[in-house]
Amino acid sequence: VVYTQSEILQREVYLFERLDSPNREPMKHLKAICFLRPTKENVELLVQELRRPKYSVYFIYFSNVISKSDVKALAEADEQEVVAEVQEFYGDYIAVNPHVFSLNLLGCCRGHSWDPAQLTRTTQGLTALLLSLKKCPMIRYQLSSEPAKRLAECVKQVITKEYELFDFRRTEVPPLLLILDRSDDAITPLLNQWTYQAMVHELLGINNNRIDLSRVPGISKDLREVVLSAENDEFYANNMYLNFAEIGTNIKNLMEDFQRRKPKEQQKLESIADMKAFVENYPQFKKMSGTVSKHVTVVGELSRLVAERNLLEVSEVEQELACQSDHSSALQSVRRLLQSPRVSELDAARLVMLYALRYERHSSSGLPALLEELRSRGGTDRYRKLVSAVVEYGGKRVRGSDLFSPKDAVAITKQFLKGLKGIENVYTQHQPLLQETLDQLIKGKLKDSQYPYLGPNTLRDRPQDIIVFLIGGATYEEALAVFNLNRSNPGVRIVLGGTTIHNTRR
C-alpha cells in the first residue's frame with residue numbers, strides 16, 4: 001500500500017520474497033532487508049532462517065515494539081553472525097489516504113465486547129501509529145461503549161510501559177486520541193455514496209488500493225485488477241472527493257487532453273532526433289494512456305451499475321430516511337421500491353435496515369410488513385435476520401448519542417435553514433455523526449459526560465492534533481468529512497482510523 005514495486009526497483013531492490021514461502025534458493029551474493037510484524041510466528045520463522053541463512057547479510061526491521069526475549073531468541077539463532085542490524089520501524093497499520101488508516105480487521109467484536117485477539121492487534125496498530133507520528137496523546141473515549149473504554153485502557157498501558165519510546169518533545173497543546181464505536185452510527189455505512197473514492201468502494205470494493213474489475217462485462221486482461229492510489233495517480237488525487245457528476249466532466253477533459261497528445265500515427269520518424277523525441281515522450285504517453293483507460297473503465301462500470309440497480313432512486317429514498325422525519329412518506333417510498341423488480345436484493349435489504357434504524361420505535365411502524373415483503377422477494381430469511389442484527393448492533397438501546405434529532409435550538413435552526421436553501425444535492429445531504437462530534441471537539445464543546453478523559457488530566461485548550469479511531473470500522477464518507485474539516489480549520493490536523501474501512505457489504 002505504501003510503495004509501488006517500480007519505486008522499490010529504483011532503489012535497487014530486485015527480489016521480493018515472503019518469509020514463509022518454502023523452497024527459496026540460497027543467494028549468498030544478496031543482502032536481505034526483512035520487514036515484519038513482531039508476531040510469534042514471524043520470530044519463529046526468522047529463527048529458522050538465521051540458523052540456515054540464504055543471504056549474505058540481514059537487516060531486520062520490525063513494524064512494532066519487539067520484546068527483549070524475542071531479540072534474545074534471534075541472537076541465539078544467529079550463529080553465523082549474518083544480522084547487521086535489528087530495528088523497530090513503526091508501521092503496523094495500513095495507510096489508506098494521507099489522513100486515513102486502517103487495520104484491515106473484520107469482525108473485531110463479538111456482540112458488544114472485544115474478541116481478545118483483535119483487541120491486542122488493535123492496541124498494537126494504534127500504538128504503532130502514535131509512535132510513527134511521534135505523539136503521546138491524552139485519551140478520550142465514548143462512555144456508552146465498553147469496547148472503547150477497554151481499548152483506551154490498553155493503549156494507555158502500553159504508553160505507560162514503554163514510556164521511554166513515548167518521550168517526545170512536548171507540544172504546547174498535547175495531541176488527543178478520541179476512541180469511538182461504530183455502533184453509535186450504523187446509518188453511515190449503509191448509504192450509497194456519490195463521491196468518487198467512496199462510490200468505488202461501495203459499488204466495486206477497494207482492497208489495499210486495488211479494485212477487482214474481473215466481473216466487468218468484456219473487460220480486457222490488463223484491467224482485471226487496477227490500482228487506485230492518490231500517491232501515484234494525479235487524476236485520482238484530484239477527483240477522489242468530487243461528486244459523480246463532476247467526475248464525468250473531468251473524465252471527458254482527460255480524454256480530450258489525451259487525444260491532443262496522442263503521437264500522430266503518421267508522425268514522420270525521419271531523423272534520429274524525431275525517433276529520440278518519440279521514445280522520450282513514450283513512457284509519459286504510456287503512463288497517461290494507462291491512467292485514461294483505467295478511469296474510463298472504472299467510471300463506465302460505476303455508471304452501468306447505477307443504471308442497472310436504479311441507484312439514483314434508491315439513494316434518494318435512503319437520504320430521505322437518514323435526514324428527514326416524515327414517516328408516512330418514507331414508508332410509502334420504501335414500499336414502492338421493494339415492489340420494483342429493478343431494485344436488487346441488497347438494496348432492498350439496505351432500505352429496510354435504514355427504515356428499521358430510523359423508525360425503530362415509531363407508533364405506526366410498518367416494519368413487520370416490510371420484512372414480509374423482503375421475504376417474499378427473495379424467498380429467504382437471510383436478510384430479515386440481518387435487519388434485526390443491524391438494529392441490535394446500532395439501535396436506540398445501544399447508541400450513546402442521539403443520531404437523529406438535534407437537541408439544541410441552533411442545530412434545529414441549522415436543519416431548518418438547510419431545508420429552506422434547497423440542498424444543492426439531494427444525494428449528499430447526509431452528514432455522518434462523526435462530523436458533528438469532531439466539530440464539537442474542535443470548538444471545545446464535546447461533553448466530558450459523554451466522552452470522558454482517561455485519567456485525571458483534561459485538555460485546557462482546544463485540540464490541534466486529533467487522532468480519531470472507530471472501533472468496528474470507518475467509512476470513506478467519514479474520510480471525506482475529515483478531509484473537509486482539515487481544509488476548513490487551519491491549525492487543526494485530524495487523522496481518522498478504523499479497524500477496517502466499511503461499505504454496505506462488509
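Predicted model: local features only at pLDDT ≥ 70, side-chain atom pairs only at ≥ 80, totals over all residues.
In what order do the six strands of the open sheet lie? The order is β4-β5-β15-β13-β9-β8, and the pairing is mixed.

Stop 1: Select residues 94-97 for β4 and residues 138-141 for β8. These are the edge strands, and each of them pairs on one side only. Now show the whole sheet and look at how its strands are turned. Neighbouring strands make an average angle of 25° with each other, if direction is ignored.

**Stop 2: β8 and its partner.** To find one of the paired positions, select M138 and then L176, its bridge partner in β9.

**Stop 3: helix α16.** Select residues 433-442. Helix α16 packs on the sheet and touches β8, β9, β13 (465-471) and β15 (493-498). Its direction makes about 150° with that of β13.

**Stop 4: helix α17.** Select residues 476-488. Helix α17 lies across β4, β5 (100-102), β13 and β15. Against β15, helix α17 runs at about 170°.

**Stop 5: the start of the chain.** Select V1, which is in the segment before α1 (5-10). Is V1 buried, partly exposed or exposed? V1 counts as partly exposed because its relative accessible area is 42%, and that class lies between under 20% for buried and over 50% for exposed.

Conventions: Residues numbered from 1 in each chain as written. Heavy atoms only, no water. Helix = DSSP H or I, 4+ residues; strand = E, 2+ residues; numbered from the N terminus. Buried < 20%, exposed > 50% of the residue type's maximum accessible area, 1.4 Å probe, protein only. Pairing = 2+ DSSP bridges. Axes fitted to C-alpha atoms, helices over the stretch in contact; angles between N-to-C directions. Contact = heavy atoms within 4.5 Å.
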